[in-house]
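Trainee: I would like to go through this model and ask what stands behind the terms used for it. Can we take them in turn?

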Amino acid sequence: MSGLRRLGRWGCGARRSGGSRRTRSSNAIWHGGGCTRKQCSRRPRLSTRPWVAAPRPADASGTRRDRPRRDDAPPAARGCILSTMSSSADVRDRPSRPPLLHHDPLAGRMAFIAPERAERPNDADLVAVDAATDPGTWCPFCAGNEHRTPPAVLRAPAEASRSWHARIVPNRYPVATEADPRDDDGGAVAPVRPAHGVHDVVVESARHESTILGVQPDEWRDVWHLCRARLEMLAARGDLAWATIFKNSGPAAGASLAHVHSQLVGLDFVPPSIRAELAAAAADVTGFARLIDDAVRSGRLVAEQAGLVALAPPAPRQPFETWILPARSAPLFHAAEPAHVEALADLTRLLVGRLARVAPGADYNWWLHQAPYGDHGRQVAGWRWHLEILPRVTSLAGFELGTGCHINTLPPDEAAGLLRGA
Ligand SMILES: [Zn+2]
Ligand SMILES: [Zn+2]
């Protein structure tokens with residue numbers, strides 16, 4: 001599985017900076033050549049867990065009645081709040097053309113029409129504008145450039161007096177905003193309506209790392225603790241039906257900025273993919289248990305840790321597609337015990353590392369599927385949250401887009417065997 005390296009926009013930045021052809025998968029793009037910026041130096045690791053209870057900020061006015069404020073964090077489920085939050089976190093840029101949700105009744109498809117996302121920056125633009133090669137001078141996610149993003153709604157460690165290594169900030173170019181939420185509890189059937197919800201960016205390192213493998217393992221675990229806490233916060237709002245975390249790693253996966261980050265979106269409706277999975281679970285509550293049993297029997301199990309399993313799904317869309325899920329029923333990730341959160345962090349590192357060995361340079365996406373919030377998740381018996389990791393080894397072409405079916409050249413049991421041995 002060679003020849004997968006690509007030079008995209010990020011390669012252009014590298015050539016500007018280094019004057020030599022270097023691949024995006026190498027940190028040398030950002031850190032090589034004797035760079036002396038402060039983000040390049042490895043800071044001492046914290047010897048203790050950074051999570052501490054954070055004071056709740058003073059209340060503020062101007063919020064919609066009955067709608068929990070962004071800083072209405074629920075009490076920590078296990079005795080630790082993972083972040084600080086400031087009331088200024090509610091101050092986000094208001095798009096002049098807020099995103100709208102368009103519904104196609106024939107296809108049952110929804111599209112977020114978000115014109116302002118066309119203005120979001122990419123690495124090449126930022127380098128060109130700043131005419132500098134040091135990402136510390138232009139990257140909005142690097143430590144020292146916090147003023148280039150809205151204030152954090154969560155950070156780790158919690159204490160503002162300490163340097164952060166992960167933070168969650170509102171997305172300046174959201175696909176959903178604090179528009180009026182829907183009033184009904186059905187599907188998104190209005191032809192066009194405001195896209196109500198939350199769209200955050202999870203900045204996964206203070207340093208300009210381009211891969212999660214460059215993040216310290218304990219700090220990577222903190223990223224997932226932070227995400228879990230944020231999903232719990234969104235559940236407590238009451239106006240959202242469902243939320244997810246997703247990652248676009250690399251240009252082929254849709255990333256515009258190289259600095260390691262993922263995104264978190266909360267919506268006021270349950271999207272079609274989740275509705276379909278819920279319907280399947282309602283028809284067969286043993287589906288997830290059988291998924292794991294079948295994977296074990298057919299050689300598709302890739303790894304296990306602390307009650308989580310990683311497996312190649314029975315009908316993978318791409319070579320080396322893997323899913324991570326609990327061995328026992330657990331519909332909501334934000335209710336996961338800390339050991340499961342950390343096992344998920346460890347397994348994602350493991351799988352991304354092995355993917356880099358079996359498919360060097362492959363971009364990938366992942367997304368979290370968990371049950372809907374509150375009443376929206378009534379039919380979740382037997383359902384389990386899961387993270388689907390989809391390498392972008394081949395392009396989605398006309399057949400895939402036109403049929404919803406996929407053509408994959410690598411059988412899943414063979415892919416699992418290669419990943420186990422990588
Ligand atoms: Zn950066
Ligand atoms: Zn799923």
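Mentor: Start with the naming: helices (H or I, at least four residues) and strands (E, at least two) are DSSP runs, numbered from the N terminus. Phe320, for example, is found in the loop between β10 and β11. Keep in mind that this is a predicted model.

Trainee: What is the mean pLDDT of the protein, and what share of its residues reach 70 or more?

Mentor: The mean is 78, and 72% of the residues reach 70 or more. Over residues 1-92 the pLDDT is below 50, and this stretch has 207 contacts in the model beyond near neighbours in sequence.

Trainee: How many helices and strands does the protein have?

Mentor: Ten helices and 13 strands. Of its 422 residues, 53% count as buried.

Trainee: Why is Phe320 called buried?

Mentor: Buried means under 20% relative accessible area. Phe320 has 4%, so the term applies. Its phi is near 70°, a positive value in a residue other than glycine.

Trainee: Ala306 also has a positive phi although it is not a glycine. Is Ala306 buried, partly exposed or exposed?

Mentor: Partly exposed, with a relative accessible area of 48%. The class runs between the 20% limit for buried and the 50% limit for exposed. Ala306 is found in the loop between β9 and β10, and its phi is about 50°.

Trainee: What makes the arrangement around the zinc ion (ligand 1) tetrahedral?

Mentor: Four donors count as tetrahedral if all angles lie between 85 and 135 degrees. Here the four donor atoms subtend angles of 100 to 118°, which makes the arrangement tetrahedral. The donors are Cys139 (SG), Cys142 (SG), His208 (ND1) and His259 (ND1), at 2.0 to 2.3 Å.

Trainee: Where in the chain do His208 and His259 lie?

Mentor: His208 is in the loop between β6 (197-203) and α5 (217-237), and His259 is in the loop between β7 and β8 (261-267). They are 51 residues apart, and the pair links distant parts of the chain. His208 and His259 are buried. The spacing of the donors along the chain is C-x2-C-x65-H-x50-H.

Trainee: Which residues of α6 are buried?

Mentor: Ile274, Glu277, Leu278 and Ala281. Seen down the helix axis, they fall within an arc of 100°, so they line one face of α6. These residues pack against β7 (242-249), β12 (364-369) and β13 (386-391).

Trainee: Why are the buried residues of α7 said to line one face of the helix?

Mentor: The residues in question are Phe288, Leu291, Ile292 and Ala295. Down the axis of α7 they fall within an arc of 90°, so one face holds them. Their cover includes β9 (301-305), β10 (308-311), β11 (322-326) and β13.

Trainee: And why is α8 called largely enclosed by the rest of the structure?

Mentor: Of its 21 residues, 15 are buried, so the description holds. Helix α8 (residues 338-358) reaches 30 Å from its first C-alpha to its last, close to the 30 Å expected.

Trainee: Last one: why does Pro372 count as buried?

Mentor: Its relative accessibility is 3%, and the limit is under 20%. Pro372 lies in the loop between β12 and β13.

Technical notes
Residues numbered from 1 in each chain as written. Chains lettered and ligands numbered in written order. Predicted model: local features only at pLDDT ≥ 70, side-chain atom pairs only at ≥ 80, totals over all residues. Heavy atoms only, no water. Buried < 20%, exposed > 50% of the residue type's maximum accessible area, 1.4 Å probe, protein only. Arc of directions from axis to C-beta. Contact = heavy atoms within 4.5 Å. Donors = N, O, S within 2.8 Å, 3.2 Å for Na, K, Ca; no water. Tetrahedral: all angles 85-135°; square planar, octahedral: opposite > 155°, others 65-115°. pLDDT = per-residue confidence, 0-100. Expected span 1.5 Å × (residues − 1).
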